[in-house]
Amino acid sequence: FNPNSKLGGANGYKKLNQQLSKWKIPLVSNVNITTFQNSGNGYSVRKSTAQLFTGLPGLRYSFKLNTGVSDTEKPITYFLSPRLIKSAADKYIKNYDVKLYGKIGFDNISTDIYSDFSKKGYSRQQMLNILSDTVSDLSKKSPIYIRTGNARLLPYTSYVFDLTSDCSHY
């Protein structure tokens with residue numbers, strides 16, 4: 001975990017956390033461990049990406065809300081192979097200090113549940129099991145904050161934000 005330099009780096013993060021603590025507001029460092037945008041840190045867009053049934057890498061494009069046209073200004077996002085989710089979380093939490101950086105937040109962990117059609121292969125249910133085990137392990141180090149919620153993750157979650165009041169009715 002490296003604090004974003006736009007937020008003042010490690011020192012700025014510490015000051016922010018101290019000020020928020022005075023106001024009894026938790027600092028939540030939000031991360032996404034199911035997707036990545038570039039090769040690096042031991043992950044490759046060719047080898048570390050979940051595969052579609054066609055053998056192509058699983059990726060997500062951004063679209064402009066007002067036109068529905070692909071947003072070419074935003075980078076392509078690749079889905080991390082489920083076999084690497086646990087190790088990505090372990091790398092993230094290894095040097096994470098809750099007192100300095102606040103609580104752990106996951107942006108898409110409750111909604112990014114996908115299959116991997118690589119040779120090893122993972123079903124959506126296996127992916128959900130991996131995410132559940134990963135969040136269970138991380139919840140021992142810090143309270144977990146997640147976006148939108150997911151029944152399998154609720155036992156390990158301290159706070160859910162952006163929870164919808166409606167469902168798909170399926």
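Which residues have the most contacts inside the largest nonpolar core? They are Leu80, Ile85, Phe106 and Ile109, in a core of 34 residues, where a nonpolar core is a set of buried Ala, Val, Leu, Ile, Met, Phe, Trp, Tyr and Cys residues joined through side-chain atoms within 4.5 Å. The model is predicted, so local features need pLDDT of at least 70 and side-chain atom pairs count only at pLDDT 80 or more, while totals for chains, interfaces and linings use all residues. Residues are numbered from 1 along each chain as its sequence is written, and side-chain values use heavy atoms, with hydrogens and water left out.

**Overall build**

- The protein chain has 4 helices and 7 strands, which are DSSP runs numbered from the N terminus (helices are H or I with at least four residues, strands are E with at least two).
- Read from the N terminus on, the elements follow the order α-β-β-β-β-α-α-β-α-β-β.
- The radius of gyration of the protein chain is 17 Å, which agrees with the value near 15 Å that a compact globule of 170 residues would have; the radius is taken over C-alpha atoms, and the globule rule is 2.2 Å times the number of residues to the power 0.38.
- Taken along the principal axes, the C-alpha atoms of the protein chain fill a box of roughly 55 × 35 × 35 Å.
- Among contacts (heavy atoms within 4.5 Å) between residues at least 6 apart in sequence, 61% join residues at least 24 apart.

**Surface and charge**

- The accessible surface of the protein chain comes to about 10800 Å², and 52% of it belongs to carbon and sulfur atoms; such areas come from the Shrake-Rupley method with a 1.4 Å probe, and for residues only the protein chains shown count as cover.
- Of the 170 residues in the protein chain, 37% are buried, where buried means under 20% relative accessible area, exposed means over 50%, and partly exposed lies in between (1.4 Å probe, protein chains only).
- The protein chain carries 23 positive and 11 negative charges, whose mean positions are 7 Å apart; Lys and Arg count as positive and Asp and Glu as negative, while His and the chain ends are not counted, and the place of a charge is NZ of Lys, CZ of Arg, CG of Asp or CD of Glu.

**The nonpolar core**

- At least two residues of the largest nonpolar core, which has 34 residues, come from each of helix H1 (9–22), strand S4 (77–79), helix H2 (82–94), strand S5 (103–106), helix H4 (124–138) and strand S6 (144–147).
- Leaving out residues up to four places away in sequence, Ile85 touches Ile33, Thr34, Leu80, Tyr114, Met127, Ile130, Leu131 and Thr134.

**Residues in strands**

- Thr77 has its place in strand S4 and counts as buried because its relative accessibility is 10%.
- Beyond residues up to four places away in sequence, Thr77 touches Thr35, Phe36, Gln37, Gly58, Leu59 and Arg60.
- Leu59, found in strand S3, counts as partly exposed at 28% relative accessibility, and apart from residues up to four places away in sequence it touches Ile76, Thr77, Tyr78 and Phe79.
- Tyr145 sits in strand S6 and is buried, with a relative accessible area of 11%.
- Setting aside neighbours within four places in sequence, Tyr145 is in contact with Pro26, Val28, Lys103, Ile104, Gly105, Phe106, Tyr159 and Phe161.
- The C-alpha atoms of Tyr145 and Ser87, which are 58 residues apart along the chain, are separated by 20 Å.

**Residues in loops**

- Ala50 lies in the loop between S2 and S3, yet this residue is buried, with a relative accessible area of 2%.
- Asn41 lies in the loop between strand S2 (35–36) and strand S3 (59–60) and is exposed, with a relative accessible area of 72%.
- Lys24, in the loop between H1 and strand S1 (28–31), counts as exposed at 73% relative accessibility.

**Backbone angles**

- Most residues other than glycine have a negative phi.
- Lys24, in contrast, has a positive phi near 60°, and Asn41, which is not a glycine either, has a positive phi of about 55°.
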